[in-house]
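Subject: Structure for you to look at

Dear colleague,

I am handing over the structure below, together with some notes on its side-chain contacts. Please read them with the model open beside you.

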Amino acid sequence: MPVDCPGDLGARTLPVRRSAQLERIRQQQEDRRRREEDGRSKQELELNSSMRLKKLAQNPKVGIDNPTFDPVEGPGGLMGQGLGLGGAPTLLELEDLLMSLKQVQHCLSDSQSQEDVALVLQLVQKTDFQKAFSIHNAVALHMNRPSPPFPLTARVQGLAQEVQTMLQTTQQKDGLELNALLTSPHLQGLMQAHDIVAEQEMQPEPLGPPDGPLETLTQYGGETVKIVRLEKARDIPLGATVRNDMDSVIVSRIVKGGAAERSGLLHEGDEVLEINGVEIRGKDVNEVFDILAEMHGTLTFVLIPSAQIKPPPLKETVHPMAALSVPGPLSPLPPRPQVHVKAHFDYDPSDDPYVPCRELGLCFQKGDILHIISQDDPNWWQAYRDGDEENQPLAGLVPGKSFQQQREAMKQTIEEDKEPEKSGKLWCAKKNKKKRKKILYNAHKNDDYDNEEILTYEEMALYHQPANRKRPIALIGPPNCGQNNLRQRLMSSEPDRFAGAVPHTTRNRREMEVNGREYHFVSRQAFDADTAAGKFIESGEFEKNLYGTSTDSVRQVINTGKICLLCLHTQSLKVLRSSDLKPYIIFIAPPSQERLRALLVKEGKNPKPEELRDIIEKAREMEQNFGHLFDAAIVNTDQDKAYQELLRLINKLDTEPQWVPSSWLR
């Protein structure tokens, strides 16, 4: 497509560039003729070598002429391999090599030489050698393949038209016959194909490496358009999606980290008019995707530039313009402000009908740390999983926080509307929604699971615990999973490092008990006051006496420089995490039912099958409702292995920073 050069500078520069290109084409033609002459000389030289090989095959016992010492002149010549009359190398086949070695072995009388040839035969018969031999022959054939003749011109069709014009007035038989020949469709198709190939062959080589992706502004149908040339590859996606707007195909999103963003040539809102001469306007995005899937090499996009970047709609039908890369050096990306969040739900884009592009959706699980690098679209953020930046060239699409909350609330509303129909309490349920929700989730069975809270993301930050202020370790798990045994074992093995918080109680102090050592003995009135003030992490009643663990008692352990070990119920986690204690929460999960039974029998217990099933079901509910709060999990298949893993996790807190809620650090 021609580009106007404004001003006198462009008018002076253009002829100089054309003369340089013509000179370069002439030089290429001269090099091509020189290579053809060298090839013909090489064929004549190798003819004698080929004749000698034929004689050796007829009488192999007379002697062996080593063609290695016959030099092959000319570029690309192979030592020890002749060229036939057609210019292709005469390569030794594997079977001929084996036969020759066996004949040589048979002719030799020296036992040592026969053993040497036998070793060579063993080598040749190995699979690796035979594969290498085949690769060598294939490379040799390719390197010695004669190049096609260099085209003299790329305008055969124009020359044919000039000849036809000259023959219009002739009445001679030869002229009429030539004119009929030139106008035949077969010859015209041949000349058209010749000109296309010749034009590519005569294209002058670039004087140096490209400075980057090519972009040109010009006129197209009365509109100012942008021409962008990109190089298509299978393994590096472009990182852009398109959508339909009436008959137009619009670039709807540029994904961070992709070639489109690094090139800076494609922008949200650009309209795609053509791709490699194929008209795109009026096509569905699925058709555009199919067109791109069939294209390879250099792609030329004709675009109408966007006046302003427009955000895509909430729900759009898009396809990724995938497998495109941009040649040349790319400018470094400016640093992007990142937000790190912990996912509180599982997400699979293949099951999400609302994701703008499933191929670009990012799959993650509850507890994963996500690096949010773009919130330009409030409905669909762009993110990486923590640790996957190197393996994940493109950012993935994840639902935005507000969007996820809206559709989860809608989902809960639909489920709540269905629930009364199953229970037969439709009318009363509608009158008292809060009561119905409490019955639905059963707060006691689900450890006070907060019905009103819709879990999406929690902003996180890296935290390295100080040497003099250790994070408390909270062990969470269903009964009979071994968390109490692990806690006691740690405190017994390293009493100078681990300690438990002294609980509060309203029962009377017994003989030999010291206030502040076994318990903090307080009155019921004082206990109730502390409960109302929210000082207890957890509390309960046993045999008409109140017991509880306070945040102050945990701080007392921390202030001594020791690690406070806690065994808590899941309903205590919300209070524990809202304090300034910065706890590290480890979930102790049960193994399989048979393995769990063996562990409990080892402790002198004889559980029933339904009790084992209840433990495993309880663990499943705890993980489902509170798994987003766990920092780590240990499956207690063996007490010794679980103890070592627990110790490893605790030691890691001294050497590696950990992700904690950013609100803890404010």
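For the aromatic contacts, rings of Phe, Tyr and Trp (its six-membered ring) are taken as a pair if their centres lie within 6.5 Å. Please keep in mind throughout that this is a predicted model.

By that rule the count comes to eleven aromatic pairs. One of them joins phenylalanine 345 and phenylalanine 364, whose ring centres are 5.3 Å apart and whose planes stand at 75°, an edge-to-face arrangement. Both residues lie in the loop between strand 12 and strand 13, so the pair ties together parts that are 19 residues apart in sequence. Phenylalanine 345 and phenylalanine 364 are both buried, and they belong to one aromatic cluster that is formed by Phe345, Tyr347, Phe364, Trp381 and Tyr457.

Turning to charged side chains, a search of the whole structure finds 20 salt bridges. Among them is the one in which the side chains of arginine 407 and aspartate 352 meet, at 2.9 Å from N to O. This pair links distant parts of the chain, since arginine 407 sits in helix 10 (residues 401-423) while aspartate 352 sits in the loop between strand 12 (339-343) and strand 13 (369-374), 55 residues apart. Are these two partners buried or exposed? Arginine 407 has a relative accessible area of 18% and is therefore buried, and aspartate 352, with a relative accessible area of 4%, is buried as well.

Another salt bridge is formed by arginine 577 with glutamate 458, where the closest N and O atoms are 3.4 Å apart. Here too distant parts of the chain are linked, with arginine 577 in helix 16 (residues 573-577) and glutamate 458 in strand 16 (residues 457-463), 119 residues apart. Both arginine 577 and glutamate 458 are buried.

The salt bridge between arginine 620 and glutamate 617, at 2.7 Å from N to O, is made within helix 18 (residues 609-626), where the two residues are three residues apart, about one turn of the helix. Arginine 620 counts as partly exposed at 43% relative accessibility, and glutamate 617 is partly exposed with a relative accessible area of 33%.

Two further items may deserve a look. Lys470, Glu494, Arg497 and Asp654 are linked in a network of salt bridges, and arginine 489 lies over the face of tyrosine 643, at 4.1 Å from the ring centre.

How values were computed. Residues are numbered from 1 along each chain as its sequence is written. This is a predicted model: local features need pLDDT of at least 70, side-chain atom pairs count only at pLDDT 80 or more; totals for chains, interfaces and linings use all residues. Side-chain values use heavy atoms; hydrogens and water are left out. A salt bridge is a side-chain nitrogen of Lys or Arg within 4 Å of a carboxyl oxygen of Asp or Glu. Helices (H or I, at least four residues) and strands (E, at least two) are DSSP runs, numbered from the N terminus. Buried means under 20% relative accessible area, exposed over 50%, partly exposed in between (1.4 Å probe, protein chains only). Rings of Phe, Tyr and Trp (its six-membered ring) pair if their centres lie within 6.5 Å; planes under 30 degrees apart count as stacked, over 60 as edge-to-face and the rest as tilted. A charge sits over a ring if NZ of Lys or CZ of Arg is within 6 Å of the ring centre and within 35 degrees of the ring normal.
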